[in-house]
Amino acid sequence: MQSLRPRHTTSLNHDVRSIIAMEIHEHGTWLRKVLRRAAVPFVAAAVVAAACNSPLSPTSAATITITATGVSPNEVHIKAWNHVTFINNDTRPHNIVSDPVNEHSDCPSINEVGYIPAGSSRDTRTLSITRVCGFHDHLNLDDDTMRGRIVVE
Ligand SMILES: [Cu+2]
């Protein structure tokens, strides 16, 4: 059964393959084809489920990319109970938080993004209240290109 276990697998993948290996051992090769087919979508679904930290909104409703020239787009519209992903494609870190500039209190879900190292991405928490949520980069308060709005509808 060693051939069923490539070296670079997740522990989940490993567990799935161990179960398959046991089943094949018990029930013979006819089951191998069935379980191999079944395992592929199962593992794929598990990877997708693990990709987001918010169980209420597993897929991001919008993505905002940060580069040296600012946030793009600087306004997105989403339905309530979704979240937004920020990708930092700049070479320096950014700190995305809710307006107003010092309180960060309008839409606290945005503060979950916070500090994003260069090359990383972060999600807001679920935005559940319908309102306009302004955000800014607290590391670049004087740079208007680092401001934007999430309109929660
Ligand atoms: Cu601030």
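Me: Which residue is the bridge partner of Ile96 in β8?
Reply: In β8, Ile96 has Asp137 as its bridge partner, and strands here are DSSP runs of E with at least two residues, numbered from the N terminus. This is a predicted model, in which local features need pLDDT of at least 70, side-chain atom pairs count only at pLDDT 80 or more, and totals for chains, interfaces and linings use all residues. Residues are numbered from 1 along each chain as its sequence is written.

Me: How many bridges are there between β5 and β8?
Reply: Three bridges pair β5 with β8 (residues 132-137) in the antiparallel sense, where pairing requires that DSSP finds at least two bridges between two strands.

Me: And what stands opposite Ile96 in β6?
Reply: That is Gly114, and β5 and β6 (residues 114-116) run antiparallel, joined by three bridges.

Me: How many of the five residues of β5 are buried?
Reply: Four of the five residues in β5 (residues 94-98) are buried, meaning that 20 or more other C-beta atoms, placed from the backbone, lie within 10 Å of a residue's own.

Me: Switching to Asn88: why does it count as buried?
Reply: Asn88 counts as buried because it has 24 C-beta neighbours inside 10 Å, and Asn88 lies in strand β4.

Me: Which strand is β4 joined to by three bridges?
Reply: β4 (residues 84-88) is joined to β7, and the two run antiparallel, with Ile87 opposite Ser121 in β7.

Me: What is the strand order in the open sheet?
Reply: The order is β2-β1-β4-β7, with mixed pairing, and the edge strands, each pairing on one side only, are β2 (70-72) and β7 (121-123).

Conventions:
A residue is buried if 20 or more other C-beta atoms lie within 10 Å of its own, exposed if 12 or fewer, and partly exposed in between; C-beta atoms are placed from the backbone.
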